[in-house]
Amino acid sequence: MTGLHVKCMKICCTIKQHDFMELESIIKEAVINRYENTIKENKKLLRMFLDEIKSFHSDIKIIFTLIPRYIEMERATKLFMKPWEEEFHDIMNRICEKYDALFWNYKNREDISENHAFYYDIGHLNTTGARALTSLLNEDLKK
């Protein structure tokens with residue numbers, strides 16, 4: 001990716017704290033365009049999957065999680081992703097209500113998203129970041 005420097009280490013990779021990101025590397029055709037058939041199919045498949053899970057164990061607790069991207073990526077995409085984010089949350093709220101599921105949004109956990117050492121690239125946690133997020137998830141599951 002142009003403008004994004006990745007530093008590889010033996011254990012894991014991290015991004016630099018103040019890496020410059022070019023807009024073209026963030027805004028791709030898949031983000032700008034809307035594919036109604038894909039959205040419809042994804043919602044249908046999720047409902048089918050949840051129906052099947054509930055058919056095996058109706059009292060099972062389902063928890064959806066939304067994991068954070070690096071904070072600079074969140075800031076860069078915030079404006080043009082807002083309508084999609086609102087629609088996503090609306091869909092998730094309806095699904096959680098119907099299937100008695102929980103939705104835990106970790107996108108606002110800046111203790112994760114602001115730590116550049118937790119990221120392989122701007123959209124993906126590295127092993128260290130995944131362990132940190134898993135630790136938070138474990139704490140929340142105990143509550």
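## Basis and overall fold

Because the model is predicted, local features need pLDDT of at least 70 and side-chain atom pairs count only at pLDDT 80 or more, while totals for chains, interfaces and linings use all residues. Residues are numbered from 1 along each chain as its sequence is written, and side-chain values use heavy atoms, with hydrogens and water left out.

The chain contains six helices and six strands; these are DSSP runs numbered from the N terminus, helices being H or I with at least four residues and strands E with at least two. Their order along the sequence is β-β-α-α-α-β-α-β-α-β-β-α. Of its 143 residues, 30% count as buried. Buried means under 20% relative accessible area, exposed over 50% and partly exposed in between, for a 1.4 Å probe and protein chains only.

## Strands β3 and β4

Strand β3 (residues 63–66) has Phe64 and Leu66 on a covered face and Ile63 and Thr65 on an uncovered one. It pairs with β4 in the parallel sense over four bridges, where pairing requires that DSSP finds at least two bridges between two strands. In β4, Phe103 is the bridge partner of Phe64, and Asn105 is that of Leu66.

The chain passes from β3 through α4 to β4, a β-α-β crossover that is right-handed. Right-handed here means that, with the strands pointing away from the viewer, the path from the first strand over the helix to the second runs clockwise.

## An aromatic pair between α4 and β4

Two aromatic pairs are found in a search of the whole structure. One of them, Phe88 with Phe103, is edge-to-face, with 5.9 Å centre to centre and 65 degrees between the planes. The pair links distant parts of the chain: Phe88 belongs to helix α4 (residues 71–99) and Phe103 to strand β4 (residues 102–105), 15 residues apart. Rings of Phe, Tyr and Trp (its six-membered ring) pair if their centres lie within 6.5 Å; planes under 30 degrees apart count as stacked, over 60 as edge-to-face and the rest as tilted.

Phe103 is buried because its relative accessibility is 19%. Phe88, at 33%, counts as partly exposed.

## The largest pocket

The largest pocket holds about 1200 Å³ of space. Of its 38 lining residues, Leu66, Met81, Glu85, Phe88 and Lys107 are the closest to its centre. Two or more lining residues come from each of α2 (29–32), α3 (36–56), α4 and α5 (110–113). Helix α4 gives the largest share, 17 residues. By type, the lining divides into 18 nonpolar, nine polar and 11 charged residues. Ala, Val, Leu, Ile, Met, Phe, Trp, Tyr, Cys and Pro count as nonpolar, Asp, Glu, Lys and Arg as charged, and the others, Gly among them, as polar.

On a 1 Å grid over the protein atoms alone, a cavity is a set of points where a 1.4 Å probe fits but cannot get out; a pocket is an open set with protein on both sides within 12 Å along at least five of seven lines, and lining residues have an atom within 4 Å of a point. Grid points are joined across faces, edges and corners, and a volume is the space filled by probe spheres set on the points.

## Loop residues

Asp100 is found in the loop between α4 and β4. Its phi is near 50 degrees, a positive value in a residue other than glycine. Most residues other than glycine have a negative phi. Asp100 and Ile60 are 40 residues apart along the chain, with 9.1 Å between their C-alpha atoms. Ile60 lies in the loop between α3 and β3 and is partly exposed, at 32% relative accessibility.

Ile122 lies in the loop between β5 (119–121) and β6 (124–125). With a relative accessible area of 5%, Ile122 is buried. Ile122 and Pro68 are 54 residues apart in sequence and 9.8 Å apart in space, C-alpha to C-alpha.
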